[in-house]
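These are my notebook entries on a structure that is new to me. I record what I looked up, entry by entry.

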Amino acid sequence: MRYLPKSNSERRAMLEACGVAHADELFAHLPEAVRLGRPLALDAGISEYEIVQYFRDRAAENANGYASFLGAGVYRHYRPVLVDTVVSRGEFLTSYTPYQAEISQGTLTAIFEFQTMLCQLTGMDVANASMYDGSTAVPEAAMMAVRATGKGRVVIARSVHPEYREVLHTYARHQGMPVAEFGYVPEAGTIDLEDLDRKLDPLTAAVIIQSPNFFGIVDQVKTAAEMAHRRGALLVVVFTEAVSMGIVEPPVDADIVAGELQSFAISPSYGGPYAGILAVKEKLIRQMPGRLVGQSIDTHGKRAFCLTLATREQHIRREKATSNICTNQALIALMATVFMTVYGKEGLRELAAQNLAKAHYLVSKVAPRFCGKFFNEFVARVDGPEDANKALLKKKIIGGVPLGRFYPELADGMLLCATEMNTRAEMDAVAEVLA
Amino acid sequence: MIEKVRHHLSQNEPLLFERSSPGKRAYQLPELDVPAVDPAEALGAENVRAEIAGFPEVSEVEAIRHFTRLSTWNYAIDHGMYPLGSCTMKYNPRINELVARTEALAWAHPYQPEALAQGSMEVMARLEAALAEITGMDAVTLQPAAGAHGELTGILLIRALLQKRGNPRRKILIPDSAHGTNPATAAIAGYAVENIKSSESGVLDVAALEQLVTDDVAALMVTNPNTLGVFEENIIHAAEILHAKGAMLYMDGANMNALVGIARPGDFGVDVMHLNLHKTFSTPHGGGGPGAGPVAVKAPFEPFLPAPRLKRSGKRWTYDYKRKHSIGRVKAFYGNFGVLVRALAYILAHGGAGLRNATVDAVLNAVYIRKKLEPYYDLPYPSPNMHEVVFSDERQARHGVRTGDLAKRLIDYGFHPYTVSFPLIVHGALMIEPTETEGKMEIDQFVDAMISIAREAEADPQLVKSAPHGTRTSRVDEVAAARKPVLRWKPA
Amino acid sequence: MVPENLRYTKEHEWLLVEGDTGTVGITDHAQEELGDIVYVDLPRVGTALAQASPLGSVESVKAVSEIFSPASGEVTEANAALADAPEKLNEDPYGAGWLVKMKLSDPAQAGSLMTAAEYQAYVGAEK
């Protein structure tokens, strides 16, 4: 096997040194009943060439050469070449969590830069070193709010990504954390403030909204914050489209921002791996789950970084930890870090402006379902979205997400996303079918 | 002022923010082919942000140099042995990186029509089947994003099944040698944690278990082999004790690298378990993630698995969302697909026999290290070990040198430290897991280094206590970092 | 170093009784075992505590230790200086590093705690 470096003579020499005649004796202490008395029923190992071929064959069974207008939490943005160049370096790719600070300054420094950029983007004081993804960041934010406020229930907007809400319900069900949902305004697609007011009571730990929300609409963060704070609850603002932060006012009134960075040079990759993020106001640092990198000095007085505030985490506090999270998404967060570096201050703005322009070009050709202000995706009113998508596929276009599956009342809704990767010609073709 | 250069320019690399200057750029967007829009009009003036204060502004050359220089400050498997116990730091085949970037896989959107995602679905189905065969379990979900996430999924599955049988119960039993994620997971799943003391030989104390298992116990969470690298020889008996009381056996699969092709959890009584693809199946750790934590279960748990489930419908794969007993989703979409591709590529490369050979080499390396180091380091538990071996610093502590110091000195010899101070049942633990990735020469060099350090600890303890001496960064003041946390850069 | 005028618990807290006011801290032995203390979590003023119930926690870089109240009563003051300077706990555990003052509901409870001599013997035996 080509990944095993020993020659047979080396193996024999080592066995001999161990006082073992045959490799099987290494397992002699295992009870007979637990031993697998046969080879694994898996095919024989194959060569590199055959592996490449296998995955090429699988890729051929997927969509190839299609334009796409899918968004809904996963966005198609150009990935600068520098991103893979950096993350392919073995020093980043094949290193472990940076517990040994002396020989991990590369990863630690990059994470410190990541934390800083996320604070600059979101307007929060502290950002952690990443969570699994946006969907799991939501229950972590909810649990954080429960710890911080000493209250037990959370309310979440129906305009938060439906799969994120499902994940929250899974976590909440077994913790005695009641979750109530509140609606959106049928005309605008923004949160229904009256419904929120009805469901927000003094026992509420967190109000969770998304902006831009699942329908692409920039939502009422400030008002939601005022309402939450009046009742002693925290406001959690979720985002799925990180590029929006290049141009949209950040959720500075939130207490916790829980988001997904997939838009920052992370391949759609059929749903993962992505990188989630939690960013919070200063007062919540000690309630925050996940790893944090802090600045310090070494024995020579030189600036150095290390993992810090680890007493919040599972390997120390065990059943009293802020979360059970251990592995995070360091390499994916590094992709986002390189992306933010490449685009920088001006570039992220220009990229966001292009997205805004593309989506607004597309909307001008179809019938929007909501009147709320949106960033790069919106709901179009389409008679029979499934049939429309079939017609689009014939033109080698994957249309938007039909919303009936998530919102029965929006069976005539199709969530369309346009990014810098969509051309005017593609959009004109979509308009022709949907008009 | 001239910046002093030691060894190489890369030693003085500043932070991105300190490198920035206004107007520098590393990007160019295509010309917009639609009319530009006024942000204030499109978004509402109150929703348009001011510039992102402090955000980096660097050129492309500076960007690549920055990250390349940073990278040289890291140790990595590509440099050498990484004997972190419990972490299974093995070689990451580069072919796996290549195939994960195959365009129509990497750019597949989770909501693209099933008919246009058959390749991705086939990859997942094949991996599920392979993991079921390797573990001896009946069904696998690939949704969990990492090991601890898999643990949570697994415990929720147990909860759901017990609930359906009438009572979810209150307690989870966890040996004192367990990973910290186990108790943290049980707590998040709404269970009280009760610790079981390990026996004198460092394994599960079956007599104690028998006492503790009541109608109130939902499950025992056990790592096998345990964190001492010792196979739980009474595992079948433990499973019988649990099952007799209607409780379940959960296995933390962190140490599966000792068992693949040799023994299957499904054959020794395990009901639910998770795997860490970033350990046993070689997907890169990437400085802390991403991972993937598939959960494998026995048939009675299958109805409770997270939705959606892959389902064969004629010649096509489809998703089954209508699963009324499901615990629900634990993550958006279907799992960390890119990680799953890499794990499958690893399994395909090895094949059944190759996987077993890897296990044999991993165990051989650990047994060999134990044999060579036993004369120099205290071995608190003499039971036969599998893929890792745990020493204690007892002999060196007499000279004031602790496991953390020995570990730091190892850096000067060109190795990454072993796992320090874990498991908790060993005072001053040195937990060493070489994996199958190391050849005889590298292992012998490691052994020589450890022997040399043992001698230094006696002859010149201060040399060891102040290590490392050869790194760019010396010991970092973690106390100062924690007392006055500085968690982001701010302009001076 | 074990001051004579204090009473001690098995969990290494000390109690100073002055009338019905109690001052609570951790012992020199405890701070030494913990190492450099980086964070102290204290109860709010007004918190009612029963003897031996959790009062708060102190953290070093790699460990968290719970503090238990040596007597019953209500917290009247928490040592705010420790928020910015947790190192005071290491430097002066019986003085500037005190944790809370409380109004004792039963000052006689101090009688159930160890004397300096008993504590010294206890620590010696524990080693």
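Entry 1, chain A as a whole. I took contact to mean heavy atoms within 4.5 Å. The model I examined is predicted. Among contacts in chain A between residues at least 6 apart in sequence, I found that 70% join residues at least 24 apart. I then listed the secondary structure of chain A, which has 13 helices and 14 strands. The C-alpha trace of this chain spans about 80 × 55 × 50 Å along its principal axes. Of the 435 residues in chain A, 68% are buried. For its accessible surface I noted about 13600 Å², with 52% belonging to carbon and sulfur atoms.

I located A:G400 in the loop between β12 and β13 of chain A. Is A:G400 buried or exposed? Its relative accessible area is 2%, and the cut-off for buried is under 20%, so A:G400 counts as buried. Setting aside residues up to four places away in sequence, I found A:G400 touching A:F69, A:L70, A:N389, A:M414, A:L415 and A:L416. I also looked up the separation of A:G400 from A:V243, 157 residues apart along the chain, and their C-alpha atoms are separated by 19 Å.

The largest share, four residues, comes from α12(A). By class I noted 14 nonpolar, four polar and four charged residues in this lining.

How many cavities of 30 Å³ or more does a search of the whole structure find? The search gives eight. The largest cavity holds about 260 Å³ of space. Its lining has 20 residues, with A:P273, A:I332, A:M335, B:R101 and B:R342 nearest its centre. I found that α11 of chain A and, from chain B, α4 (94–100) and α11 each supply at least two residues of this lining. Eleven of the lining residues are nonpolar, four polar and five charged.

The second largest cavity has a volume of about 120 Å³. Its lining includes B:M124, B:E128, B:R309 and B:Y334. Both α6 (118–135) and β8 (309–313) of chain B supply at least two residues each to that lining.

I placed B:N365 in helix α11 (residues 337–373) of chain B. Its relative accessibility is 0%, so B:N365 counts as buried. Leaving aside neighbours within four places in sequence, B:N365 is in contact with A:K6 and A:M14, and also with B:P434, B:T435, B:E436, B:E438 and B:I443.

Five residues of chain B are in contact with nine residues of chain C. The two chains bury about 580 Å² between them, 50% of it on carbon and sulfur atoms. I noted that B:E478, B:V479 and B:R483 supply 77% of the area that chain B buries against chain C, more than any other three residues.

Key
Residues are numbered from 1 along each chain as its sequence is written. Chains are lettered from A and ligands numbered from 1 in the order in which they are written. This is a predicted model: local features need pLDDT of at least 70, side-chain atom pairs count only at pLDDT 80 or more; totals for chains, interfaces and linings use all residues. Side-chain values use heavy atoms; hydrogens and water are left out. Ala, Val, Leu, Ile, Met, Phe, Trp, Tyr, Cys and Pro count as nonpolar, Asp, Glu, Lys and Arg as charged, and the others, Gly among them, as polar. Buried means under 20% relative accessible area, exposed over 50%, partly exposed in between (1.4 Å probe, protein chains only). Accessible areas come from the Shrake-Rupley method with a 1.4 Å probe; for residues, only the protein chains shown count as cover. Buried area is the accessible area (1.4 Å probe) that two parts lose on being put together, summed over both. On a 1 Å grid over the protein atoms alone, a cavity is a set of points where a 1.4 Å probe fits but cannot get out, and a pocket is an open set with protein on both sides within 12 Å along at least five of seven lines; lining residues have an atom within 4 Å of a point. Grid points are joined across faces, edges and corners, and a volume is the space filled by probe spheres set on the points.
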